[in-house]
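Keep the structure open as you read.

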Amino acid sequence: MKNINSVKSYLFISAMLISGTVTGCASTTQSYEFVDEDSQVFQESSSYYEKVCNSNQADRGMGCNNLGIYYETGHGIKQSFEEAKNYFEKACTLKYDQGCSNLGVLYFNGMGVDQDKTLAKEYYGRACDLGNQEGCDKYRKLDEKGY
């Protein structure tokens, strides 16, 4: 059962989408998704993230990254590391630091891809270059191990 905050967020997001305004949708969807953990909420918010990801708005990198997380974890949609990788790649290409870092995680752990710590280091480096401290830390650790 949705509480009043999730209903308000749903109405706000729906209004933005109907009016063609997508800017801010990704961050609003984030608050919506964590209000209620039932699968329907995740399914609905994943469709909003997809719209943001495929838009020309400034926050599309966040939308792509967050949709990648849904595919990685299987929240509200069928788990698919291949789809997660595709959305993380798009987010990284759009210079969204967390998308690059998440790609690094996939390659470091071999999640849906061949494990490749050298490639993981490359993506952590990109995340670091974009200001992601976690990416910098993981890059440094892999560099110290000779990757």
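Ser46 is buried, with a relative accessible area of 7%. Buried means under 20% relative accessible area, exposed means over 50%, and partly exposed lies in between (1.4 Å probe, protein chains only). Ser46 sits in helix 3. Helices (H or I, at least four residues) and strands (E, at least two) are DSSP runs, numbered from the N terminus. Setting aside neighbours within four places in sequence, Ser46 is in contact with Leu67, Tyr70 and Ile77. Contact means heavy atoms within 4.5 Å.

This is a predicted model: local features need pLDDT of at least 70, side-chain atom pairs count only at pLDDT 80 or more, and totals for chains, interfaces and linings use all residues. Residues are numbered from 1 along each chain as its sequence is written, and side-chain values use heavy atoms, with hydrogens and water left out.

**The chain as a whole**

The chain has 8 helices and 0 strands. From the N terminus on, its elements run α-α-α-α-α-α-α-α. Of the 147 residues in the chain, 44% are buried. Take the contacts between residues at least 6 apart in sequence: 44% of them join residues at least 24 apart.

**Aromatic pairs**

The structure holds 3 aromatic pairs. Rings of Phe, Tyr and Trp (its six-membered ring) pair if their centres lie within 6.5 Å; planes under 30 degrees apart count as stacked, over 60 as edge-to-face and the rest as tilted. The rings of Tyr49 and Tyr70 have centres 5.6 Å apart and planes at 85°, so this pair is edge-to-face. Tyr49 lies in helix 3 (residues 39-53) and Tyr70 in helix 4, so the pair ties together parts 21 residues apart in sequence. Tyr49 and Tyr70 are buried.

The rings of Tyr107 and Tyr123 have centres 5.8 Å apart and planes at 15°, so this pair is stacked. Tyr107 is buried at 9% relative accessibility. Tyr123 is buried too, at 10% relative accessible area.

**Helix 4 and its partners**

How do helix 4 and helix 6 pack? Their angle is about 25°, with the axes 9 Å apart. That makes helix 4 roughly parallel to helix 6. The contact is made by Asn65, Ile69 and Glu72 of helix 4 and Gln98, Gly99, Asn102 and Leu106 of helix 6.

Helix 4 and helix 5 are roughly antiparallel to each other. In helix 4, the residues that meet helix 5 include Gly61, Cys64, Leu67 and Tyr71. On the helix 5 side, Phe81, Ala84, Tyr87 and Phe88 are among them.

| Helix pair | Angle | Axis separation |
|---|---|---|
| Helix 4 and helix 6 | about 25° | 9 Å |
| Helix 4 and helix 5 | about 165° | 8 Å |

Axes are lines fitted to C-alpha atoms, for helices over the stretch in contact, and angles run from 0 to 180 degrees between N-to-C directions. Angles under 35 degrees count as roughly parallel, over 145 as roughly antiparallel, 65 to 115 as roughly perpendicular and the rest as oblique.

**Helix 6**

Helix 6 covers residues 97-109. At 1.5 Å a residue, its 13 residues should span 18 Å; the end C-alpha atoms are 19 Å apart, which agrees. The expected span is 1.5 Å times one less than the number of residues. Its buried residues include Gly99, Cys100, Asn102, Leu103 and Tyr107. What covers the buried residues of helix 6 includes helix 4 (60-73), helix 5 (81-93), helix 7 (117-129) and helix 8 (133-144). Just after helix 6, Gly110 takes a positive phi of about 65°.

**Helix 7**

The 13 residues of helix 7 should span 18 Å, and its end C-alpha atoms are 18 Å apart, which agrees. Ala120, Lys121, Tyr123, Tyr124, Gly125 and Ala127 are buried in helix 7. The buried residues of helix 7 pack against helix 5, helix 6 and helix 8.

Ala120 lies in helix 7 and is buried, with a relative accessible area of 0%. Beyond its neighbours within four places in sequence, Ala120 is in contact with Gly104, Tyr107, Phe108 and Leu142. The C-alpha atoms of Ala120 and Gly135 are separated by 9.9 Å; the two residues are 15 apart along the chain.
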